[in-house]
Amino acid sequence: MKKKLTIGILAHVDAGKTTLSEALLYVSGKLRALGRVDHKNTFLDTNPVERERGITVFSKQARFSTDACDFILLDTPGHVDFSAEAERVLTLLDYAILVVSAPDGVQNHTRTLWQLLEHYAVPTFIFVNKTDIAVKRKEEIEAELTKTLSPLCVGFYEKQTKAELDDKLAFVHEDFLDTVLAGDPIGDNEIATLISRRK
């Protein structure tokens, strides 16, 4: 039987949250074509006010599946004026994706969202968006997240060796230190367990 997870996407305004939601739905096969906020044709922003202003005002949901899991995706408003709308979905979430714009970095609203996710004990992935137009290197972005949000932030990159990732995990969490010192790899299940505990 497949897992069922409810995930929410949160961000400060203009971080690219709706574009990421659109991409997830497209890659999963839920959408046949990618909509764009600037073209006013995204799948989740259907309200005329949202399309006209290019921002999410109301939380929306969509469903998509992978071979291993069925997901309910909740796209929330990023504008601070609608933060109550974003907050009311937090108790429903199994996991959250907090989107940070690489050029803008961590904003005050990002910190507020992070604190709310801590308050509601929602395991959170941070997705750094717009890296193609950022002047900061990934190490600088990771250092900023570690300094401003949590010292437990660990960067997962596509072009990263398992040994590099294991070293970073051992550095931030002592549970992994003995494993790495013994020359053993850290298992995906162990990583998933700590993520689920916000560690």
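**Figure 1. Strand 4 beside strand 5.** Val 99 has Phe 127 as its bridge partner in strand 5. Strand 4 (residues 95-101) and strand 5 (residues 124-129) pair in the parallel sense, over six bridges. Two strands count as paired if DSSP finds at least two bridges between them. Strands (E, at least two residues) and helices (H or I, at least four) are DSSP runs, numbered from the N terminus. Six of the seven residues of strand 4 are buried. Buried means under 20% relative accessible area, exposed over 50%, and partly exposed in between, with a 1.4 Å probe and protein chains only. This is a predicted model: local features need pLDDT of at least 70, side-chain atom pairs count only at pLDDT 80 or more, and totals for chains, interfaces and linings use all residues. Residues are numbered from 1 along each chain as its sequence is written, and side-chain values use heavy atoms, with hydrogens and water left out.

**Figure 2. Strand 1 and its partners, strand 3 and strand 4.** Strand 1 (residues 3-11) runs parallel to strand 3, joined by seven bridges. Strand 1 also runs parallel to strand 4, here with five bridges. Ile 7 takes part in both pairings. Opposite Ile 7 stands Leu 73 in strand 3; in strand 4, the bridge partner of Ile 7 is Tyr 95. Strand 3 (residues 69-75) is mostly covered, with five of its seven residues buried.

**Figure 3. Helix 6 against helix 7.** Helix 6 (residues 162-172) packs on helix 7 (residues 174-181) at about 135°, with the axes 6 Å apart. Axes are lines fitted to C-alpha atoms, for helices over the stretch in contact; angles run from 0 to 180 degrees between N-to-C directions. The two helices are therefore oblique to each other. Angles under 35 degrees count as roughly parallel, over 145 as roughly antiparallel, 65 to 115 as roughly perpendicular, and the rest as oblique. Helix 6 contributes Asp 166, Asp 167, Leu 169, Ala 170 and Val 172 to the contact, and helix 7 contributes Glu 174, Phe 176, Leu 177 and Val 180. Contact means heavy atoms within 4.5 Å.

**Figure 4. His 173 in the loop.** His 173 lies between helix 6 and helix 7. Its relative accessible area is 13%, so His 173 is buried. Leaving aside residues up to four places away in sequence, His 173 touches Leu 194 and Lys 199.

**Figure 5. The protein chain.** The secondary structure comes to eight helices and five strands. Of the 199 residues, 41% are buried.
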